[in-house]
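Student: I have a model open and want to go through a few spots in it. Can we start with the strands?

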Amino acid sequence: MNEKNTYYITTPIYYPSDKLHIGHSYTTVACDALARFKRMQGKKVMFLTGTDEHGQKIQDKAAAAGVTPKQYVDNIVEGAGGVKDLWKLMNISYDRFIRTTDDYHIASCQKIFQKLYDQGDIYKSVYKGHYCKPCESFWTDSQLKDGKCPDCGGDVYEAEEEAYFFKTGKYADRLLKYYEDHPAFIQPETRKNEMIAFINQGLQDTCVSRTSVSWGIPVPFDPKHTMYVWVDALSNYISALGYGNDQYNDYDAFWPADLHMVGKEILRFHTILWPAMLMALDLPLPERVFGHGWLLLDGGKMSKSKGNVVDPAVLCERYSVDAIRYFLLREIPFGNDGVFSNEALIARINSDLANDLGNLLSRTVAMAEKYFGGTLPAARAAGEFDDDLIKTVSEMPAKVAACMDDLLIPQALQEVFKAIQRANKYIDETAPWALAKDEANRDRLAMVLYNLCEALRFATVLLAPFLPDTADKMAEQLGLSAADRAWDGLRFGGKTDYTVHKGDALFPRIDAAKELAELAAAHEAQVKAAQEKAAAAEKAAAAEKAAAPAPAAAENIEHQPEVSFDDFCKVELRVAQVLTCETLPESKKLLKMTLFDGERERTILSGIAKWYKPEDLIGRKVGIVANLAPRPMMKGKYVSEGMVMAADMPDGGASVVFFPDDVLPGSAIH
């Protein structure tokens, strides 16, 4: 373990989805609990999370939404109900949030790519094979499963394009040796065996650039290529510390990371490609990579495409943030798949949070107020059952710490609730209400209630990383100071006096049958509303189509003289990708573009500045007249090497012809 008194923990950086569900919260809540626990122990913690914002999926979604990719991701990350709002709602205490569109991250990635290229670990070739768009992964024939993507089970398509490759295969033996020498590097053990099998079947070099996707970090020495998303995304773990940039200066303090927490579907990239890259960079590898399972719903992985997502905002509003955090951390067997259901959630709230924890606090505080006005007297008398309670409570911190070190998060909570359940049993054993009937038992009654308050103090401290809001409410009712809640103050008898104040119930008990009926009715209403909305939209579309006037045509069409087919074939129309675009200070009409036509870069000046901004065009695929004779413009200051295809608009404007992202530069237009 890290001896520098620091702890660096990371979540994977998330693809910014426009529909966040409770599964997104699972990894981050677990990392938050670990980060809070390490801080409580006195560690200097760096907890990193963020968003992975480049790639073909984002580019396609932005185009469909009619916005730029940057506008699209800005809205999802920073906008209302977006990623940052979800983490705020879930009480995530991250120390740093990285976006792969951050300038400092881009600078780091370009330096890393350049270094690997300069030393021969990256080379140019041609990729030909299978590509899964949802996973943004390339696959060989042998890696496909029944002709489908082995990760998501979706369709793949044939792809061929010029690309740069990282020599992953060069590091196969070193990776296997590292796994052998560092048995805790990949956890759980079953995941490690999967990675070993993957390498042993023949580790291929990794495609690390694209020419068909413009939304990404440009390769510094070959800007028509953008970095393949995984190289970009994986580098965030060191760029966020300042490696290769001047934004931060935390690399020496925190690297290597103590823990990368990732979903099992991306474990291969984190335990094969990422370590190989670090080996090539001559950098230390992270201490551990933990691949956890999925949070399932009705036996299937939650996904927007399946329509089975569960909205965390709705759950938190209905049951409280801490109730949802507790369910995720306690119910899911860490490292394996877990199942979400309303029945299981309500059962956990009622049994653990309402009956065990809430009832213990409520009974203890109520009896202290009833029998002693809220302030326990100093005179106390020990008696039967004290030792067993004290032993159980006193052993709890060490047991919880051991579980957290081993990433046994549900077991850590089990240890806390064993002590809570023991304290509830202690109430039944000592029967404070019976002791209160005889003044001679006053000192004994004070000791019983004091022991219960101390048990609750320990529970307050140890639950704080998992249920921070609940811990604060408990501390308020128990009258605990910051010093009373310190990790190094967890010694039974460490707080000598108690003045308590009864508050609201921590977790009111839920009528399960009534609640489930209400949830079912709400779900049915939601489904019905969605069906009615879809039907109304279909009806409106049909009515609009029926009422639509005959297609409008351009007025005053001017015809050119008829040409022969042979003459027409002399015009070379091709697809080109806009690499750069800028306005000209000498002209309000012209935009100057640098385009890649599949063979070379060329400059074209186009009179569309009135209708398009440079950022509207950069990265887009347009049609050009490729064999137009070069034309000097602006008194010979510039030369335009072609013409961009655009249509006249009724208002006198122009509409540029754009092509889909999977059309390669240089493709002929017929």
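Student: What stands opposite Ile186 in β13?
Tutor: Val289 stands opposite Ile186. This is a predicted model, where local features need pLDDT of at least 70, side-chain atom pairs count only at pLDDT 80 or more, and totals for chains, interfaces and linings use all residues. Residues are numbered from 1 along each chain as its sequence is written, and side-chain values use heavy atoms, leaving out hydrogens and water.

Student: In which sense do β7 and β13 pair?
Tutor: Parallel, over two bridges, with β7 at residues 186-187. Strands are DSSP runs of E, at least two residues, and helices are runs of H or I, at least four, numbered from the N terminus. Two strands pair if DSSP finds at least two bridges between them.

Student: And which residue is opposite Phe290?
Tutor: Met261. Strand β12 (residues 259-263) also pairs with β13 in the parallel sense, over four bridges.

Student: Which way do the β13 residues point?
Tutor: Val289 and Gly291 point one way, Phe290 and His292 the other, and all are buried (under 20% relative accessible area, 1.4 Å probe, protein chains only). In a regular strand the side chains alternate between the two faces of the sheet.

Student: New topic: where does UniProt put "binding site"?
Tutor: The unreviewed entry places that feature at Cys132, Cys135, Cys149 and Cys152. They are spread over 21 residues of sequence, yet the largest C-alpha distance is 8.7 Å. UniProt annotations may be inferred rather than shown by experiment.

Student: Is Cys149 buried or exposed?
Tutor: Cys149 is buried, with a relative accessible area of 2%. Its contacts (heavy atoms within 4.5 Å) include Cys132, Cys135 and Trp139.

Conventions
Buried < 20%, exposed > 50% of the residue type's maximum accessible area, 1.4 Å probe, protein only. Lists of a residue's contacts leave out its neighbours within four places in sequence.
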